[in-house]
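Trainee: Could you show me how to read a few features of a model, one at a time?
Mentor: Gladly; let's open it and start with a helix.

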Amino acid sequence: MTVRLKDDVKERLDVLAEATQRSKSFLAAEAIRAYVENNEWQIGEIQTALAEADAGDFASEKEVAALGKKWKVNAG
């Protein structure tokens, strides 16, 4: 895999690699891992919410009001 970086990002990566005594490849792999993990989680949560919505699984007006009261927010 080849990754093209803008010059300013490459320079910042160089500085970070030197400061952390890690290779640029290690830092790039770690950044990609974190990005993929976060986006997998987000997409999973969105898909779950869509399935719940499609199934009509919504909070009742009473449940929303109770939650708003708990957090002292006007939920009505």
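Trainee: How many residues does helix α1 have, and what span does it reach from its first C-alpha to its last?
Mentor: Keep in mind that this is a predicted model. Helix α1 covers residues 7-20, which is 14 residues, and its end-to-end C-alpha span is 20 Å, close to the 20 Å expected at 1.5 Å a residue. Just after α1, look at Q21, where phi is positive at about 55°.

Trainee: Now the charged side chains. How many salt bridges does the structure hold?
Mentor: The general idea is that side chains of opposite charge can pair when their charged atoms come close. Here the structure holds four salt bridges. One of them joins the side chains of D14 and K24, at 3.1 Å from N to O. That pair links distant parts of the chain, with D14 in helix α1 and K24 in helix α2, ten residues apart. K10 also belongs to this network of salt bridges, together with D14 and K24.

Trainee: Are D14 and K24 buried, partly exposed or exposed?
Mentor: Buried would need under 20% relative accessible area, and exposed over 50%. D14 is at 28%, so D14 is partly exposed. K24, at 37%, is therefore partly exposed as well.

Trainee: Which residues form salt bridges with R33?
Mentor: E30 is one partner, with the closest N and O atoms 2.6 Å apart. E37 is another, at 3.0 Å from N to O. R33 and E30 are separated by about one helical turn because they are three residues apart in helix α2. E37 and R33 are four residues apart in helix α2, again about one turn of the helix. As for accessibility, R33 is partly exposed at 40%, E30 at 34% and E37 at 48%.

Trainee: What lies over the face of F26?
Mentor: R22 does, at 4.4 Å from the ring centre. For aromatic pairs, the count in this structure is zero.

Trainee: Which residues form the nonpolar patch on the surface?
Mentor: The patch is made of M1, V3, L5, V9, I32, Y35 and V36, and together they have about 730 Å² of accessible area. Helix α2 (residues 24-54) gives the largest share, three residues. Take V36, found in helix α2: its relative accessible area is 40%, so V36 is partly exposed.

Trainee: And how far apart are G44 and D14 in sequence and in space?
Mentor: They are 30 residues apart in sequence and 34 Å apart from C-alpha to C-alpha. G44 lies in helix α2 and is partly exposed, with a relative accessible area of 25%.

How values were computed:
Residues are numbered from 1 along each chain as its sequence is written. This is a predicted model: local features need pLDDT of at least 70, side-chain atom pairs count only at pLDDT 80 or more; totals for chains, interfaces and linings use all residues. Side-chain values use heavy atoms; hydrogens and water are left out. Rings of Phe, Tyr and Trp (its six-membered ring) pair if their centres lie within 6.5 Å; planes under 30 degrees apart count as stacked, over 60 as edge-to-face and the rest as tilted. A charge sits over a ring if NZ of Lys or CZ of Arg is within 6 Å of the ring centre and within 35 degrees of the ring normal. Patches are made of residues with over 30% relative accessible area and no salt bridge: like charges are joined within 9 Å, nonpolar side chains (Val, Leu, Ile, Met, Phe, Trp, Tyr) within 5 Å. Accessible areas come from the Shrake-Rupley method with a 1.4 Å probe; for residues, only the protein chains shown count as cover. Helices (H or I, at least four residues) and strands (E, at least two) are DSSP runs, numbered from the N terminus. Buried means under 20% relative accessible area, exposed over 50%, partly exposed in between (1.4 Å probe, protein chains only). The expected span of a helix is 1.5 Å times one less than its number of residues.
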